[in-house]
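Here is a short briefing on one protein model. Look at the structure first, then read the points.

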Amino acid sequence: MNAPWIVGNWKLHGDRPKLLQFSQVFADRKQSIALSVPATLLGTEYAIALGAQDVSAHKHGAYTGEISAEMYLETGAKFSLIGHSERRQYHGETDASVNAKVLRCLSVNLLPVICVGETESEFDAGRSAEVVRAQLLAALDGVASDAEFVVAYEPVWAIGTGKSATAEIAQAVHAGIRATLASICDEFASKKILYGGSVKPENAKELLAQPDINGALVGGASLEIDSFAGIVAAAEEN
Ligand code: PEP
């Protein structure tokens, strides 16, 4: 597991000049950071690892507008987010489609970064662990014990709100995720589990110091070099 992995999620933002700038600034950190960018920014090699934000659940066919795991792999993408809460909320992503997409990624060795997380009302009802466990078990249905994947815990109430989970709350959920992974098979117990949800330079160090937090998925703060660099520096201090 070793060094934390810091992944920026650019969502519907960014352009090639900005990506080139990031790639120059972070060129020496290819192993420890990555950016999940709009599909249109893939296909050119940069000195930074790039990934997709979603993949089709299908290999090919009459699915206008979709991009398959194979196609992403061909662009040089190394990974894809799967099941981001914005996909679940606005695009009808379900546990079943998340599972299909995870299996598609694994079939071509595109690393799936599986996003899970409870809504605010589920959090308020004390159901975080239960919701996250159910999402994870569904996402990993049929996944082989030697599969490579990463899990990202992103409480929906913390995404883009400026209201991060405390390190204590995040660690408790991450420990639960690790226990769920271990209950599936021994090999899964050592998977990287990223935390996402209003990670900033100011809270990154404490979050990343937690034993079961192995990196961060960063939205808003990944859009500016200074804030992203602050998070990367905080990760390196631990
Ligand atoms: C995200 O969208 O994955 C995310 C974590 O966003 P933010 O950091 O802006 O909360």
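This is a predicted model: local features need pLDDT of at least 70, side-chain atom pairs count only at pLDDT 80 or more; totals for chains, interfaces and linings use all residues.

Residues are numbered from 1 along each chain as its sequence is written, and side-chain values use heavy atoms, leaving out hydrogens and water.

**Strand β6**
- Strand β6 spans residues 150-153. Strands are DSSP runs of E with at least two residues, and helices are runs of H or I with at least four, numbered from the N terminus.
- Val 150 and Ala 152 lie on one side, Val 151 and Tyr 153 on the other, and all are buried (under 20% relative accessible area, with a 1.4 Å probe and protein chains only).
- β5 (residues 111-116) runs parallel to β6, joined by 4 bridges. Pairing requires at least two DSSP bridges between two strands.
- Val 116 is opposite Tyr 153 of β6.
- β7 (residues 193-196) also pairs with β6 in the parallel sense, over 3 bridges. Here Val 151 faces Ile 193 of β7.

**Helices α8 and α9**
- α8 (residues 201-208) packs with α9 (residues 225-237) at about 25°, their axes 8 Å apart. Axes are lines fitted to C-alpha atoms over the stretch in contact, and angles run from 0 to 180 degrees between N-to-C directions.
- The two helices are therefore roughly parallel (under 35 degrees).

**Ser 68**
- Ser 68 sits in the loop between β3 (49-52) and α2 (69-75).
- Ser 68 is buried, at 4% relative accessible area.
- Leaving aside residues up to four places away in sequence, Ser 68 touches Ser 56, His 58 and Lys 59 (heavy atoms within 4.5 Å).

Definitions and conventions: Angles under 35 degrees count as roughly parallel, over 145 as roughly antiparallel, 65 to 115 as roughly perpendicular and the rest as oblique. Buried means under 20% relative accessible area, exposed over 50%, partly exposed in between (1.4 Å probe, protein chains only).
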